[in-house]
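Please open the model in a viewer and keep the selection tool at hand.

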Amino acid sequence: MLRAAVCHNDLAKQNTLYICSTNLMPCHGQNGIPNFPAWKVQRPFRIHTFCLFLTRHSSMLAATINIARMSRNRASAVTRTRAIAAHMSTAAPEGQSVLFESNGSSRKYVLNRAKKLNALNSEMLQLIRPQVEEWSKSDLCKVIVGTGVGRAFCAGGDVATVLNDSLDDSTRSRAIEFFKEEFELDYVLSALPKPYVALLDGITMGGGVGLAISAPFRVATEKTVFAMPETKIGYCPDVGASFFLSRMDGEIGTYLALTSETLVGREVFEHGLATHFIPSRAISNLLDRLADLPTSNPERVNLAIEELHAERQSDEPLGKLTGATRQALDSAFAHDSVELIVQSLEEFTSASDRGVSEWAKKTLETLHMRSPTSLKVSLSAIRRGKTMTLFEALQMEMGIATSYCSGASSDFRAGISAVLIDKTQGRPAWSPSSLKDVSPMILDRFFSKESPYRSNMPELSSPEFLHQGARDPMRFALPTEEDIALAVKSISNERPMALPVLLSRLDDVRSGKAGVREKVLDVLKRRCKWEVDDGSISTVCWKQ
């Protein structure tokens, strides 16, 4: 069998095609010219049949090949070949922090700092944004995918570098610029005109959440570990957290923002932070499915992912924020002051339900370890963000980040130094060290337009080609608790209703979506009155 071999280097300047036998070892000589027998065929040429005779060690091989008419410029063909090879290659140049790959209809960025858990730095932000913007404008690109190497999607931003930059007047602008680049990229990813799929197959925290949380398709696996850990380091949840955490069911978002606690695996899907849940081993299958998509139709993307859903196994534990614990959480974290949240948790430590009392004690211990200033700034941001657009929330968070970089709180330095650099045990040296000493004047440093700490805050901007108008990041996720409440009230007219009938009617909520019935049952158990007849539940009625 024979093949046409494209030879690079100086041959790219010639109008020549080299034909060589594939049953010989391809040892290239000088200038990329094969050193085994080869034949040159000059262009242009029509359909011809060439009989090629090869003599080697007294043996002769006859072969016939058909060569189609070729009309494109030789140099352009070589350039395209090289570009395609560069896109398709998974081998990274040494030190390259982000890889870009093309496969069929899909285009993928791969965060490539495995030893740093793919923590984001300025170089990575500056690489990703122009590439995804270019893909968004390409007719060949039908879907954009984000992923990372190793055991993390992205563990957050490189805050140690940001801290060092913020401590020096001459480099502080660099720290602030990092946040600007990060938040603008997060917004770009939220409004791409092409479907965007974020694969959260590992640790996904802080800045990594920002890359993923506004994607219409957020895919979790059993390896996913989600957290917004900023209050641990004397900072505040950002990357749009004031927007998306404030819109989570009940007060789970407030809880996650203040405590920095983690959600693992299926919990990330069940609480709406991920839109889908598949086994980690199915990732390669999913990538192949996405590469084969003929269009950018979001419904086609959704179906490609949905068909790989992993059902809950009989021995799989339930999520930790369910039942009575979830009810206590929603009650305690509904307050608009951290002091009242703490007071409510203290009351729950005496709850008759042991699970609730133990959870309350643990949560109080956790909050005690966090920066008091960070707790109050975070709560205020979450409450303000609930009425903002994503872009407005990011701009507010830009002001908060600028204030921290400008010295509004020494806790930023104390927390990063203790937790990430020195890795000391125990409570960092927060200042102020107690909630009562965090005054409204301190909060004004982060939110007031007149705050001198915000004077260098840059204005965020976004490119014009992005999707215009609000998008629902929950479109392909499980229904929210509010969705379920509206459906139940509409179906039952707020009167008692037989459970089997109600469940069958609720099947239309996110029709065909795996995991809906499980979530509906969880909501009904917490939010409805249940009437029991002969030991079995007969009717349910929504609580006022």
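## Overview

Of the 544 residues in the protein, 51% are buried, where buried means under 20% relative accessible area, exposed over 50% and partly exposed in between, with a 1.4 Å probe and protein chains only. The model is predicted: local features need pLDDT of at least 70 and side-chain atom pairs count only at pLDDT 80 or more, while totals for chains, interfaces and linings use all residues. Residues are numbered from 1 along each chain as its sequence is written, and side-chain values use heavy atoms, with hydrogens and water left out.

Colour by secondary structure to display 20 helices and 18 strands; these are DSSP runs numbered from the N terminus, helices being H or I of at least four residues and strands E of at least two. Among contacts (heavy atoms within 4.5 Å) with a separation of 6 or more, 68% join residues 24 or more positions apart.

## The nonpolar cores

Select Tyr109 and Leu111, which touch the most other members of the 117-residue largest nonpolar core. Such a core is a set of buried Ala, Val, Leu, Ile, Met, Phe, Trp, Tyr and Cys residues joined through side-chain atoms within 4.5 Å. Helix 15 (residues 390–405) provides the largest share of this core, nine residues.

Next, display the surroundings of Leu111: beyond four places in sequence, its contacts include Val98, Leu120, Met124, Ile128, Phe153 and Leu211. Then move to a second, separate core of 18 residues, with Val143, Ala282, Ile283 and Leu293 among them.

## The second largest pocket

Centre the view on Ala155, Gly156, Gly157, Val159 and Leu420, which lie nearest the centre of the second largest pocket among its 30 lining residues. On a 1 Å grid over the protein atoms alone, a pocket is an open set of points where a 1.4 Å probe fits, with protein on both sides within 12 Å along at least five of seven lines; lining residues have an atom within 4 Å of a point. Its space is about 750 Å³, a volume being the space filled by probe spheres set on the points, which are joined across faces, edges and corners. Helix 3 (159–166), helix 4 (172–190) and helix 16 (411–421) each contribute at least two residues to this lining.

## Charged pairs

How many salt bridges does a search of the whole structure find? The search finds 25, each a side-chain nitrogen of Lys or Arg within 4 Å of a carboxyl oxygen of Asp or Glu.

Select Arg129 and Glu133, whose side chains form a salt bridge at 2.7 Å, N to O. Because they are four residues apart in helix 2 (residues 122–136), about one helical turn separates Arg129 and Glu133. Glu133 counts as buried, at 15% relative accessibility.

Now select Asp483 and Arg510, a salt bridge with its closest N and O atoms 3.8 Å apart. This pair links distant parts of the chain, 27 residues apart: Asp483 is in helix 18 (residues 481–492), and Arg510 is in the loop between helix 19 (499–506) and helix 20 (516–527).

Finish at Glu230, in the loop between strand 13 (225–227) and helix 6 (241–244). Glu230 is buried without a salt bridge, and the nearest side chain of opposite charge, Arg370, is 9.6 Å away; Lys and Arg count as positive and Asp and Glu as negative, with His and the chain ends not counted. Beyond four places in sequence, Glu230 touches Gly206, Tyr235, Cys236, Pro237, Asp238 and Ser260.
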